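Thank you all for coming. Please have a look at the structure on the screen, and I will then take you through it a piece at a time.

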Amino acid sequence: MNGVVIERQASLESLSSADAVIIGSGIKTREVVADAFIMGQLQLDPSRQIIGAQCSGALVLAKLGSLNGVPACTDLTTLP
C-alpha cells in the first residue's frame, strides 16, 4: 500500500516446520482469507510454534480458529 515490498523466501507449505510465524497485513488480506486454496496451505501448530499477526493479519488467525477467544486488534478500517 505504501510501496514496501517483501519477497517470499519459502513456500506456504513450509510454515508448518517454522519455529515462529508472523502473519503480515495488506490491502488484500480479506481476499487471502476468502481464498480456500491459500488458507488450506496454512498448517500452523500453536503447541510448538510462536504465532502472531500484525494489523489485518489477525483476520487470518481468526479464520484459522487460532484466536480461541483471545482478543486481537487491528486498524479501524479492518475492525468491522
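Predicted model: local features only at pLDDT ≥ 70, side-chain atom pairs only at ≥ 80, totals over all residues.

Residues are numbered from 1 along each chain as its sequence is written, and side-chain values use heavy atoms, with hydrogens and water left out.

Now to the answer: Val-60 counts as buried, because its relative accessibility is 4%, where buried means under 20% relative accessible area, exposed means over 50%, and partly exposed is in between, with a 1.4 Å probe and protein chains only. Val-60 is found in helix H3; helices here are DSSP runs of H or I with at least four residues, strands are runs of E with at least two, and both are numbered from the N terminus. If we leave aside neighbours within four places in sequence, Val-60 is in contact with Ile-23, Thr-29, Val-33, Met-39 and Leu-42, contact being heavy atoms within 4.5 Å. The C-alpha atom of Val-60 is separated by 16 Å from that of Thr-77, which is 17 residues away along the chain.

Ser-56 lies in the loop between S2 and H3, and this serine is also buried, with a relative accessible area of 4%.

Let me turn to the pockets. Rolling a probe the size of a water molecule over the atoms shows where empty space is left. On a 1 Å grid over the protein atoms alone, using a 1.4 Å probe, a pocket is an open set of points with protein on both sides within 12 Å along at least five of seven lines, and lining residues have an atom within 4 Å of a point. The largest pocket has a volume of about 1,300 Å³, a volume being the space filled by probe spheres set on the points. Of the 34 residues that line the largest pocket, Ile-6, Ile-22, Ile-23, Gly-24 and Ser-25 are the closest to its centre. Strand S1 (20-23), helix H1 (29-34) and helix H3 (58-64) are the elements that give two or more residues to this lining.

The second largest pocket has a volume of about 180 Å³, and the residues that line it include Pro-46, Gln-49, Leu-61 and Val-70. Here the elements giving two or more residues to the lining are strand S2 (50-53) and H3.

What about bonds between side chains? The structure holds 0 disulfides, a disulfide being a pair of cysteine sulfur atoms within 2.5 Å. The sulfur of Cys-55 has its closest cysteine sulfur in Cys-73, 8.3 Å away, which is too far for a bond. Cys-55 counts as partly exposed, at 26% relative accessibility, whereas Cys-73 counts as exposed, at 67%.

The count of salt bridges comes to 1, where a side-chain nitrogen of Lys or Arg has to be within 4 Å of a carboxyl oxygen of Asp or Glu. In that salt bridge the side chains of Asp-45 and Arg-48 meet at 3.8 Å, N to O. Asp-45 is partly exposed, with a relative accessible area of 29%, and Arg-48 counts as partly exposed as well, at 42% relative accessibility.
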